Amino acid sequence: MYLNILKKDLKRKKTMNVILLMFIILAVMFSSSGLNNVLTVMNGTDYYLDKAGVGDFTVITMGSESIGNTSSVLEKTECVKSYKIEECIAGSQNCVRNEDGTKMESKNNPLFQSISNAKMNFFNENNDAVSTVKPGEVLIAGNFIQKNDLKIGDKISVKLGDVQIDLKIAGMVKDAFLGSDLIGNTRFLLNQADYDKLTSDKKFLKNHICELIYIETDDVNSAKAAVTDIPGVAFTGDRALLKMCYVMEMIVAFVVLILSICLIIVSFVVLRFSISFTVAEEYREIGVMKAIGLKSGKIRSLYIIKYLIMSIVGGIIGFFASIPFGNMLLMSASRNMVFGNNSGILINILSAIGTIFIILLFAYRCTGKVKKLTPIDAIRCGQKGERFRKKSFLRLGKTKSKPSLYMALNDILSAPGRFMTVIISFFICTLFVLILVNTVSTMKSPNLIGTFGTESDLYISGLDSSMELIGAESKMDVENELERIADEITAEGMPCKVSVDIQYKYKAASDENEISVSCAQSIGIKADEYEYTEGSAPKYKNEIAVTPQISKMLEAKIGDTVTIDFGSEKIDCIITAYFQTMNNLGEVIRLSDEAPAYMKFIATLRQYQVDFTDDPSEKEIESRKIKIQKLYENAEIMNAAEYCMDCLSVVPAMEAVQLLLLSITIIVVILVTILVERSFISDERSQIAILKAIGFTNGTIVKWHTLRFGIAALAAAVLAAIASIPMTNLCISPIFGMMGASDIRFNIEPLRIFLIYPAVIFAVTIAAAWITALHTRKIRTSEATNIE
Amino acid sequence: MSKVLTAKDLCKTYIVNKRQNNVLRNVNFSIDEGEMVAIMGPSGSGKSTLLYTVSGMDSITAGEVQFCGRDIAKLKEKELAGLRLDEMGFIFQQMYMLKNLTVLDNIILPSCQSDKIKETRKETVQRGEELMRKLGIISIADNDITEVSGGQLQRACICRSMINNPKMIFADEPTGALNRTSSDEVMDELTKLNNEGTTIMLVTHDIKVAAKCTRVLYIVDGNIKGEYNIGKYENASQMRERKRALNNWLMEMGW
């Protein structure tokens, strides 16, 4: 008999059962893919670095001095368990050109390496290992292909010294060591024969040969100390630093992670609603069953079996849908990385089972009321006789609005619980979109300029001279070059001064630790022109400012002394201030203008900064930007906002994720609206029929139903817009903090936050609700008479 | 007297499981202004279907229905809705009302929706209260519909059907879900309305209810088998005789 009741129920209440099944499928799909993604992202960089075989500690040396010395130093170091060395050659930022001779955009100096000499693993777009390159072809790591609008099969020309070769692009590779956006040195993998040809200019090779060293060790600090004996060390990085370098990629991945968590929350909120809603629908029947003598336990088990069957069916469908859905979400974050976890689809299976269990728990709790209800209470839809609670909130007589608007508003205020699902779901989705909008907007604004340097009118990147100056004899050479550039620009009618921030690699030691660290000193910009979060700018030769990261590494605070080894002299420097920077992930010491400058320790020259002396307007600056671009065709000329975007190379990926997120939010909003509205229509058939019977038109009823969702969406959008400002600070500041900037002023664009995005969500909701509400047209007036 | 409602060769057919079910077969009748007509007949004879088709709540398969001179079969959905809103009132066996609205708000809802009624919201409320006072339920004006008895609610439904001053009220077993006392009260109110000039067509199984009407149509298998003109009900002293006479006629009809 029970089976028959169940069969009849599944058939008779087809609409509600289909709606519930849809919610179950969505919940399983979101939770399975979401949980898998959470695990994948949490393991993200470690999984990738292990898979690539990068080791615990990495070093880059520049110049031929290190060749041969590296092995002898590492062999002697006890803490080094094993090491791998790759030889490669560094080119200038302009050494790669298009077939037609136009320059290519490269953030840092590209590195060329023979794939035969590869000691770590590289992966293609499908995450398969790559081990060969055909003669005449090249595999390119990172975003180079995408940034330069290239495609497989395109030809590029590489010129190193006197040698120039043409190569055909065979594809992109994922480079775990150098491929992150923050390191940004593009690695070009060649066939051995092409590499030999490219390195045949021995004079060029001498200064530009590099060694990439991957060290396995349990004692990173000892290894760090040991490599200070290797000549020409340009970069050292432990696992933590390499992981940090993926912080940009991980921002995107964490966005996917938070999105997954949001989707899980939304799916459970909606699921809870639909189960309690459908159980409430059953009360009348439950009452009848109780009245004819069926025991509560039997009745309850009947419904739980129904939900078990539905959740198993929905669970299986949701599980299979979760795999492509999860992959789609991760794809947006894994352009540069190989994401994965060792559990595979086991997580999807477990979370699908978990979701089914939670569904049954919801069903168990919702049907729990069955025990307490008398038959007549149940028939009265769960209400208790004379103690019916007050429902009506507003009075039609006291308003001037049309009944459709009044009824919509009154429904929400009288039964807020019914609409809370919609409001919470929309609020979560909208809030998340707005947080991302604020973040991207901040990244695209000049707000972050203080964390990369000082604000100038324009920035010049990629001038050939910047690479040549790395080998400069004295500070005077740099000053002369800056003067030359300033003169050239001034000669074009744009009076200006040109400055540059230089980073040297020195050893710094406190009582506790010794590290090799980037020390910044500018030419043309005084140390007190930079922003400091605490203390005062370093003024004298023996004064420095440090970032909180360096303070932590050296265990030294303001007032403490740090010994800096400038090569020819060691100076005990007092820390006078803290500052924040996103350069080198915040691991930077700022020297005073009086501190010694030894050109052979230059690690990098940052972009040339141009400040016009005739105080031009913003419009004039933009026009001068074009003029300077013509003057230096090979260079890239940027304003402050563009410079920030260039430094934060994750902006395009973030914009793509923002679009993906908005699309998913719109899909979720549409799904929730359709499913909840269908539930409401099913529940309110009698009321709709009676309204039609007394003369309400279809249009008025559709308007009533649509307005309810419109009001709910509006409330959610307004709340989300208000909450987005503090929530952006709360959620995103720690991520910038990981990159070295702990005090960020977010760029809030009121038009986008309070109008455009809420309007999009509102419009989508209205459209989805309106289309779904058209279903009420099928309800006939005569149904007013045959409702149970 | 002018005719408010006329049905000519009215047919209604349902297709159930590919089988044709002729619920109404060439029904012909008319109702004059000020009449109170009861439709009686055995279960499944087509009483309610007749009520819903002539009131435009359900479509007709063939024939013609004229309401105040307008052929309702030719009206568009929106025009029909307007007709139901402004010219007709409805009372159902179950006291259907919107659950999130108070009793008074349910009553004035059609008036607020109507374009015919040109008055302020305050005036509408006053009219609604006046109707409630007349039917003796003013005390429940601000109550939720879950807080009042079935009899009170059915009287509220009568108020709602009256709020737009309709030309005709259609009632489908208006006392079917009520006890004897409530049933009598509701019928007294409908009779009063009729005496004041409102045309009423109602479906009932109850002889006592039908005995208060001016005319009774007896329907069997979708056809009007006969009609009985009892005349205007004026006071309770006539009731016994009207019931007896009606009962005899119904016996003849095969009741």
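1. Starting with the interface: in this predicted model, 33 residues of chain B are in contact with 30 residues of chain A. On the chain B side, four helices each put in at least two residues, namely α1 (47-54), α2 (77-86), α3 (103-113) and α4 (121-134).

2. The buried set in α14(A) consists of Pro403(A), Ser404(A), Tyr406(A), Met407(A), Ala408(A), Asn410(A), Asp411(A) and Ile412(A). The geometry of this helix checks out too: α14 covers residues 403-414, and at 1.5 Å a residue its 12 residues should span 16 Å, which agrees with the 15 Å between its end C-alpha atoms.

3. On to the largest nonpolar core, which has 309 residues. The members touching the most others are Val138(A), Phe426(A), Phe432(A) and Ala712(A). Helix α15(A) is the biggest giver here, with 16 residues in the core. As a general point, nonpolar side chains tend to be buried together in soluble globular proteins.

4. Phe426(A) deserves a click in the viewer. Once neighbours within four places in sequence are set aside, Phe426(A) is in contact with Val669(A), Ala712(A), Ala713(A), Ala716(A) and Ile761(A). Ala712(A) is itself on the list of residues that touch the most other core members.

5. Now for strand β20 (residues 588-591) of chain A. Val588(A) and Arg590(A) point one way and Ile589(A) and Leu591(A) the other, yet all of them are buried. Note that this includes the arginine, Arg590(A).

6. What does β20(A) pair with? Strand β15 (residues 514-523) of chain A runs parallel to β20(A), joined by three bridges, and Ala520(A) has Arg590(A) as its bridge partner. Strand β17 (residues 543-546) of chain A is antiparallel to β20(A), again with three bridges, and here Val546(A) partners Ile589(A).

7. Last, chain B as a whole. It has eight helices and 10 strands. Its radius of gyration is 18 Å, close to the 18 Å that the globule rule gives for 255 residues, so chain B is as compact as a globular protein of that length. Along the principal axes, the C-alpha atoms of chain B fill a box of roughly 50 × 45 × 40 Å. Of its 255 residues, 49% count as buried. Among contacts in chain B with a separation of 6 or more, 68% link residues 24 or more positions apart.

Definitions and conventions
Residues are numbered from 1 along each chain as its sequence is written. Chains are lettered from A and ligands numbered from 1 in the order in which they are written. This is a predicted model: local features need pLDDT of at least 70, side-chain atom pairs count only at pLDDT 80 or more; totals for chains, interfaces and linings use all residues. Two residues are in contact if their C-beta atoms, placed from the backbone, lie within 7 Å. A residue is buried if 20 or more other C-beta atoms lie within 10 Å of its own, exposed if 12 or fewer, and partly exposed in between; C-beta atoms are placed from the backbone. Two strands pair if DSSP finds at least two bridges between them. The expected span of a helix is 1.5 Å times one less than its number of residues. A nonpolar core is a set of buried Ala, Val, Leu, Ile, Met, Phe, Trp, Tyr and Cys residues joined through C-beta atoms within 7 Å. The radius of gyration is taken over C-alpha atoms; the globule rule is 2.2 Å times the number of residues to the power 0.38.
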